Amino acid sequence: MTLLTLNAMQTNIEQYAVLHDVTLTVPEGGVFVLLGRNGAGKTTTLRSIMGLWRPSPGSVTFRGEDISALHTAEVARKGIAYVPENMGVFGGLTIEENLILATKTGKFDTARLNRIYDLFPALKTFWGKQAWSLSGGQKQMLAVARAIIEPRDLILIDEPTKGLAPSIIDAMADAFREISETTTILLVEQNFHFAKSLGRDMAVIDDGRIAHTGSMADFAADKALQDQLLSLSA
Amino acid sequence: MKNLTQILARMGGVNLLPVAVAAVAFVLIGVPSSWVTLTVAGLAMGMMIFLMASGLSLVFGLMDVLNFGHSAFVSLGAFVAASVLTWLAGWLGADSIFLNVMALFLALTAALIVGLAGGWFFETVIIRPVYKDHLRQILITMGALIVAEQLILAVWGGTPMAVPRPQFLEGAIILGDVSIEIYRIFAFLLGLAVYVALYLTLNRTRIGLLIRAGVENREMVEALGFRIDRLFIGVFMLGSALATLGGAMWAGYETLISPSLGAEMMIVVFIVVIIGGLGSIEGTLLGAIMVGLVGNYVGFLMPKMALASNMILMMAILMWRPSGLRPAVK
Amino acid sequence: MTEQNSTGALIVKITVLTIGAALLFAPFLFQDVRSLEVAARICVFVVLVASYDLLIGYTGIVSFAHTMFFGFGAYGAAIALKQMGPGWDAVMVGGLAGMLVSLVVAVAIGLLSLRVKAIFFAMITLAVASVVLVLASQLSDFTGGEDGITYRAPQLFKTATKLAVDEDGKVLRLFGVKLNGKLAAYYFVFATSLALFVLMFRLVGSPLGTVLKAIRENEARAEAIGYRVVSYRTFVFCIAALAASLAGTIYAIWLKYTGPDTMLSFSIMIDILLMVVIGGMGTMWGAVIGAVLMVLAQYYLRDLMGAAAEATSNLPILPELLNPDRWLLWLGIIFILLVYFFPRGIAGTIMQKGIAK
């Protein structure tokens, strides 16, 4: 079943057109990977979904409802969580405060909290510490934990492996695999190796347009296509 | 050396600055009784300036909006409170402490209400259309300041206005050879109470949590599902009300006010938020106390330098820490 | 067609040239003392506003210290003329001293605070300017305090000086205008102002102007391309400060009086802001239009308001609002409306008209 549809989305940032024509269908369940070179428009795509940039023309449809005119806060309340590239953790707040802020009621659901402890034990260890003092990996864990502290239908994650140590990347992959059993993930990545291990469906964005869509298995097998769409020299 | 910095940091870091200033002043002044009087005056002044500056700093931190019209609220508060006090002069002179307190309470409440209403108007009518456009924001709020100042002139006239004080706040407490004005103690305590209330709201409540998070990263708070613009109206109104309260307290402190009061205080308020670091209540308090203390000490030691002292203080601190003593984490 | 040669632009340019011609022949066109005062003030404020537009319009930085630099130039000339007596040597020394102080202060402020946010810079300039204003009032031995300084201008500019005489030894008249020192003083103001204006005009048309626009449009990108944004901004800030300082020196020579109200006060800063916004930020043409309109309003609108206040004196509140002293109130409201609805000002808005899309 289709969860999210982007229809001929065109986004301008100030006077520059960043997205020219992004049309994409994200099915419910699993991890959908959006690949692309630097500056291809991956982050802009996610921000346009969240209503942080406004696509025009074009629209974003979530569960059959057009959400492209909604305020970012309303988009979030429809059940979409966002983990930006810079992680967006609040450095002056403790881990506990970061998480409790993301709850609807201001109280933790014990079951969900325990699940987060299981996924990221480090967060329990540093529970009362201010987030600025955490390592990059721990901040990333916190950002992901914040996205799943409430039940969500879709999580947008922007380059979560950037600058992380290999061992942490593996742990992150395990966490994503588990989260994706209950929640759809739209993952933007440059780290193809990481993306390959997770994605079921995928798309490649290039110069503001969707250049390829298909299954991850096919794409992983097609070395020529990978070179054409992802290598820096192309 | 490294150990020393660590020890200082553990003892409170930049928070020790006012203590250090007070200690240096103690040596330079040499007369303990004068030093106590000046320190109390500096603290009281600092607390009133804190009231005026805290709103400006919070609003900037949360919304990246600097309201150059903020000082209009200071004047407005001073004149509204002065008018109410003049109107209730009979209660002020009465022997009943209840009537005294009621008159003061009504004056401060009137100032607060005017601040809340004015803040609402300012935010929705003046500033809402120019979010995110710094240049126009500066120009528009500056224009609003001009208009507001002219309106105050039109209503209250250009001549200085005497401000009656409640009976129970007149006079001084004498301890040995030290004399401390009661009004200063009152101003200090009121400022402290507001600071504590703000601190608790920011650190112990959900709204406060949202504000602190919003100061750091507004977009992310919205992406978590909260309408920060609605929160902002509230903060803006609160900030304006604190400015009117500060103005009202200042009116009682000066006992003679003129419409240029707002413009004069604006400079001090700006220096305070620059010194303290924009966006943090703790920084604003620290900056206000520093300005209050240094102003009073220098005024006593080198009267000619009193005005330049704020500027020198600001320059020195900016050279040491370009974003102020305790800026909000960004 | 670009903005530079639209029909609107043509209208603006013709208007400005007409103004220029009117100023050139002002002593002959408007033969009374007050009009000459107005014309001289317009000349000086065109320079002041144009130099401010270098900051706010072309570079996107808001400074509230522009009158401070104007004041440095004026006080430099005033103090030198007072101490050394009326002479060109005093004008040179005073003018240069004013420029030197302006330059030092501008560099200090620029390096200290131009790297931070625009708002922070605006606050710091406001704070510095206010302290300078207070200092000027307090250091009365040096600056004359609130009363200011009165002094004599160089011999050439004295009203009694005869530039040319007829056979009777009386001052020669040309089209009924006495060819005396006052006339020489006006043309001194006109010529120096014109020269400064043309220099600034050339500056914004030069490659430097292009870089400044790039920085204003997108600071991060300009930085990424390799422009040292802070250096450029500091440089422009210094240029603007020097121009304002010179304008101050010129005006001080014309007025033969320098005081905090005429040269340093915050209300002059507000005047400049209004002129820039009314005329149009980011065009030198706008500086001329804004300065002319505002100065004319200052001199003549107040009379009009006084008349209106008297006419309505029986009504409540209205006369109080129409009081000539309240004219800033109305200007403030106009200012806000302009920033909302015509952020490009008169010149900018007209120049946009007639652009073929």
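pLDDT is the predictor's confidence in each residue, on a scale from 0 to 100, and helices (H or I, at least four residues) and strands (E, at least two) are DSSP runs numbered from the N terminus. Among the elements of chain B, helix 1 (residues 2-11) of chain B has the lowest mean pLDDT, 68, while helix 4 (residues 70-87) of chain B has the highest, 93. For chain B as a whole the mean pLDDT is 87, with 97% of its residues at 70 or more.

This is a predicted model, in which local features need pLDDT of at least 70 and side-chain atom pairs count only at pLDDT 80 or more, whereas totals for chains, interfaces and linings use all residues. Residues are numbered from 1 along each chain as its sequence is written, and chains are lettered from A and ligands numbered from 1 in the order in which they are written.

**Contacts between chains**

Two residues are taken to be in contact if their C-beta atoms, placed from the backbone, lie within 7 Å. Of the two pairs of chains in contact, chains B and C share the most contacts, whereas chain A and chain C do not touch, their nearest C-alpha atoms being 10 Å apart.

Between chains B and C, 27 residues of chain B meet 31 residues of chain C. On the side of chain B that touches chain C, two or more residues come from each of helix 7 (134-156), helix 12 (261-276) and helix 14 (306-320) of chain B, and helix 7 of chain B gives the most, with 14 residues. In the classes used here, Ala, Val, Leu, Ile, Met, Phe, Trp, Tyr, Cys and Pro count as nonpolar, Asp, Glu, Lys and Arg as charged, and the others, Gly among them, as polar.

The contact between chains B and A takes 16 residues from chain B and 18 residues from chain A. Here the elements of chain B that give two or more residues are helix 9 (206-216) and helix 10 (218-223), of which helix 9 of chain B gives the most, with six residues. The table sets out the class make-up of both sides of chain B.

| Side of chain B | Nonpolar | Polar | Charged |
|---|---|---|---|
| touching chain C | 23 residues | three residues | one residue |

**Chain A**

Chain A holds 10 helices and 10 strands, and its C-alpha atoms fill a box of roughly 45 × 40 × 35 Å along the principal axes. With 234 residues, a compact globule would have a radius of gyration near 17 Å (taken over C-alpha atoms; the rule is 2.2 Å times the number of residues to the power 0.38), and the 17 Å of chain A agrees with that. A residue is buried if 20 or more other C-beta atoms lie within 10 Å of its own, exposed if 12 or fewer, and partly exposed in between, with C-beta atoms placed from the backbone; 42% of the 234 residues of chain A count as buried. Of the contacts in chain A with a separation of 6 or more, 69% join residues 24 or more positions apart.

**Two positive phi values**

Most residues other than glycine have a negative phi. D207(A), in the loop between strand 9 (201-206) and strand 10 (209-215) of chain A, has a positive phi near 50°, and D207(A) is partly exposed, with 13 other C-beta atoms within 10 Å. K256(C) has a positive phi of about 60° and is found in the loop between helix 11 (229-255) and strand 4 (257-258) of chain C.
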